[in-house]
Amino acid sequence: MSSPRVPVRPAIDALPAYVPGARVPAGAAAFKLTSNENPYPPLPSVLMAISDAAADVNRYPDMFALDLLDAVAEHVGGGVTAENVVVGNGSVAVLQHVLAAVVSEGDEVVMPWRSFEAYPIVVPVVGGVSVQVPVTATGRLDLPAMAAAITPRTRAVLVCSPNNPTGPVVRQAEFDAFMAQVPSDVLVVLDEAYVEFVRDPEVADGPAAYAAHANVVLVRTFSKAYGLAGLRVGYAVARPRLARAIRSASTPFGVNHLAQHAAVASLNAQDELLERVEAVVSERTRMVEALRDQGWELPDAQGNFVWFEFGERTVEYAAEATSAGVLVRPFAGEGIRVSVGEPVANDLLVAVAARWREGLPLG
């Protein structure tokens, strides 16, 4: 007779797997455009800060990351203070802590879909129920439909701008109209992981939204524009009462010593950093123009990535790209997201896309 097994929560047993971007195998010659990483390494001043901090890794990090809180508050501006900032082990962990602070068992969380694939994972982990609202045919969030999906059981709404993986932002006018429909006791999480790459002049202003609405929380990351994906630093900006609750739900010592120093050093090097961001944006523009010249109709790319809707041919096309030497991120049955990388990688992707367009075999 077999022994009884320790039961696993059904919600956890049913979680979709988070699929990371494929990595380049050791010794292989390929470009990795799968994970929306910054193609540039950390700035020299940031590397020096990491090196200096490494001498103290036998000690616990500052549990409250006080220097980082001050630096983030100054960076966000608009009256934000350290009391409003909560940091964590990447924006996914921060998002989970935000939801853990407000979502009880069975509460609903409204989200766009397709959007960031961690959303349907973190919601059940905190006991919530995902309510997915399809994005529009052009990859934009359907905010009127999301507002209509709010019920008395809704505790939070996730708004991803720019939307990952499709690319468009939420614009100020539509966000204002949306917020006019959201009850004041429903939390709106404005996920701005790619905000530094946005060039749409009509984009919703995150800090202004936070200042205007007590139920808005901003979530941002150092992984993308700041090139610190390997160190995992994210943060939320919230009103003091919510910030205290999020902090209470957070993992103690959630941001390691090296990551804290690297993030502060990155904020201290804004001018140099923004030059690199502008270089990525320029490459994105060049890449999108080349693809549109081939005849592609693409969603408005405002992150550091481009989205192709391929439906059932997604996995086939991703395999063809791999065979040509460029790794892309397929979402089976839906489409392919391609990160903006170094120029030579982008050139190769454009060449691959031309073959996709013509239906020619690659290799």
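A residue is called buried when its relative accessible area is under 20%, exposed when this area is over 50%, and partly exposed in between. These words are used below for a predicted model.

In helix 9, Leu242, Ala243 and Ile246 are buried. These residues span an arc of only 100° around the axis, so they sit on the same side of helix 9. Arg241 and Ser248, on the other side of helix 9, are exposed. The buried residues of helix 9 pack against strand 2 (85-88), helix 4 (91-102), strand 6 and strand 7.

Helix 7 covers residues 172-179, and its buried residues are Phe175, Phe178 and Met179. Viewed down the helix axis, the buried residues of helix 7 fall within an arc of 95°, so they line one face of the helix. Their packing partners are helix 6 (143-148), strand 5 (154-160), strand 6 (187-191), helix 8 (206-212) and strand 7 (216-221).

**A residue of strand 7**

Thr221 is part of strand 7. Is Thr221 buried or exposed? Its relative accessibility is 3%, so Thr221 counts as buried. A polar atom of the Thr221 side chain lies 3.0 Å from the backbone nitrogen of Ser223. The side chain of Thr221 also reaches the backbone oxygen of Val233, at 3.4 Å. Apart from neighbours within four places in sequence, Thr221 is in contact with Ser91, Ala193, Tyr226, Val233 and Gly234.

**Salt bridges**

The whole structure holds 13 salt bridges. Three of them are listed here.

| Salt bridge | N to O distance |
|---|---|
| Arg153 and Glu108 | 3.9 Å |
| Arg329 and Glu117 | 2.7 Å |
| Arg199 and Glu278 | 2.9 Å |

Arg329 belongs to strand 11 (residues 329-331) and Glu117 to the loop between strand 3 and helix 5 (119-125); the two are 212 residues apart, and the pair links distant parts of the chain. Both Arg329 and Glu117 are buried.

Arg199 is in the loop between strand 6 and helix 8, while Glu278 is in helix 11 (residues 270-293), so this pair ties together parts 79 residues apart in sequence. Arg199 is partly exposed, with a relative accessible area of 36%, and Glu278 is partly exposed at 37%.

**A nonpolar patch**

Tyr60, Met63, Phe64, Leu66 and Phe253 make a nonpolar surface patch of about 570 Å². Phe253 lies in the loop between helix 9 (240-249) and helix 10 (257-267). With a relative accessibility of 35%, Phe253 counts as partly exposed.

Conventions: Residues are numbered from 1 along each chain as its sequence is written. This is a predicted model: local features need pLDDT of at least 70, side-chain atom pairs count only at pLDDT 80 or more; totals for chains, interfaces and linings use all residues. Side-chain values use heavy atoms; hydrogens and water are left out. Buried means under 20% relative accessible area, exposed over 50%, partly exposed in between (1.4 Å probe, protein chains only). Helices (H or I, at least four residues) and strands (E, at least two) are DSSP runs, numbered from the N terminus. The arc is that of the directions from the helix axis to the C-beta atoms. Contact means heavy atoms within 4.5 Å. Patches are made of residues with over 30% relative accessible area and no salt bridge: like charges are joined within 9 Å, nonpolar side chains (Val, Leu, Ile, Met, Phe, Trp, Tyr) within 5 Å. Accessible areas come from the Shrake-Rupley method with a 1.4 Å probe; for residues, only the protein chains shown count as cover. A salt bridge is a side-chain nitrogen of Lys or Arg within 4 Å of a carboxyl oxygen of Asp or Glu. A polar contact is a pair of N or O atoms within 3.5 Å; within protein, one must be able to donate a hydrogen and the other to accept it, and residues adjacent in sequence count only if both atoms are side-chain atoms.
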